[in-house]
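Please look over the sequence and the three-dimensional model shown below before reading on.

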Amino acid sequence: MKLSSYRFVPVALVVCLGFISCQQLPKQMGQGVMIAPGSTLEDRNPSDVVVAPVIVAEEGMVVPSRALRESVARGLVKRRYAPLSLDFVDEAGMLSSDGVTEASYRAGTLNEEVVCQVIVHGWKQDLWESRRSLVADVEIQMIDPANPMGAPLWSGRLDRRMNFASQEANFASQRAFFQSALDQLAAELMSVMPSHVTTPSSN
């Protein structure tokens, strides 16, 4: 009997360890984000940000530009940046009638410290109604307004399918649900962006 009990212990331990290993570990944010080398955003540590009108890389691609811009602005706040009001930016004459711009934005017009440029390289929303999924290829560039044609201070790009079906019951309206999906997309993309650091010298 004693021999049997001793044999049972390691078997039970193996089963237990196997069960634990099958549990899904928390997903680390930003694992799929491609970051361009040579980032100097952390050294500059800017605060005031203009979220520029979205650039759509492919003509005819339908993108929720305003909603995506709003999500990016909220994401910047969470990383302790201070984005200027989108309405204030738009009233300054930076936005075209359809909410999209190609090359008309003049960096530095509002004395911002950095420009956040959102570029949509690919966008497929056809799976949203059936599977609550988005397939997005989105890039964010943090641009020095004093040198807008130079290398970005930081650049990250995310190209992936994101699934949100399990979250639908948490929302009272489809609009809020979709906006949350965009918020999560923006948060994923910016999770590896250096946060603004508030110090006595930066105030």
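What percentage of the 203 residues in the chain do buried residues make up? Buried residues account for 41% of them, where buried stands for under 20% relative accessible area, exposed for over 50% and partly exposed for what lies in between, with a 1.4 Å probe and protein chains only. The model is a predicted one, in which local features need pLDDT of at least 70 and side-chain atom pairs count only at pLDDT 80 or more, whereas totals for chains, interfaces and linings use all residues. Residues are numbered from 1 along each chain as its sequence is written, and side-chain values use heavy atoms, with hydrogens and water left out.

The secondary structure of the chain comprises 6 helices and 7 strands, these being DSSP runs numbered from the N terminus, with H or I over at least four residues for helices and E over at least two for strands. Read from the N terminus, the order of the elements is α-β-α-β-β-α-β-α-β-α-β-β-α. Among the contacts with a separation of 6 or more, 71% are between residues 24 or more positions apart, a contact being a pair with heavy atoms within 4.5 Å.

Two packed helices are described by the angle between their axes and the distance between the axes. Helix α3 (residues 65-78) packs against helix α6 (residues 174-190) at an angle of about 50°, and their axes are 8 Å apart; the axes are lines fitted to C-alpha atoms, for helices over the stretch in contact, and angles run from 0 to 180 degrees between N-to-C directions. The two helices, α3 and α6, are therefore oblique to each other, given that angles under 35 degrees count as roughly parallel, over 145 as roughly antiparallel, 65 to 115 as roughly perpendicular and the rest as oblique. On the α3 side, the residues that meet α6 include L68, V72 and L76, while on the α6 side L182, L185 and M190 are among those in contact. The residues of this contact divide into 8 nonpolar, 3 polar and 3 charged, with Ala, Val, Leu, Ile, Met, Phe, Trp, Tyr, Cys and Pro counted as nonpolar, Asp, Glu, Lys and Arg as charged, and the others, Gly among them, as polar.

The largest nonpolar core has 40 residues, of which V72, L76, W123, I140, M142 and M193 touch the most other members; such a core is a set of buried Ala, Val, Leu, Ile, Met, Phe, Trp, Tyr and Cys residues joined through side-chain atoms within 4.5 Å. Two or more residues each come from β2 (48-51), α3, β5 (114-124), β6 (133-143), β7 (154-163) and α6, and the largest share, 8 residues, is that of α6. Leaving aside its neighbours within four places in sequence, M142 is in contact with residues including L76, V115, W154 and M193.

D144 is found in the loop between β6 and β7 and is buried, with a relative accessible area of 13%. Leaving aside neighbours within four places in sequence, D144 has contacts with R44 and L153. V77, by contrast, lies in helix α3 and is partly exposed, at a relative accessible area of 49%.

Most residues other than glycine have a negative phi, and most peptide bonds are trans. N45, in the loop between α2 (41-44) and β2, has a positive phi of about 50° although it is not a glycine, and N45 counts as buried at 18% relative accessibility. N111, in the loop between α4 (86-94) and β5, has a positive phi of about 55°, but N111 counts as exposed at 68% relative accessibility.
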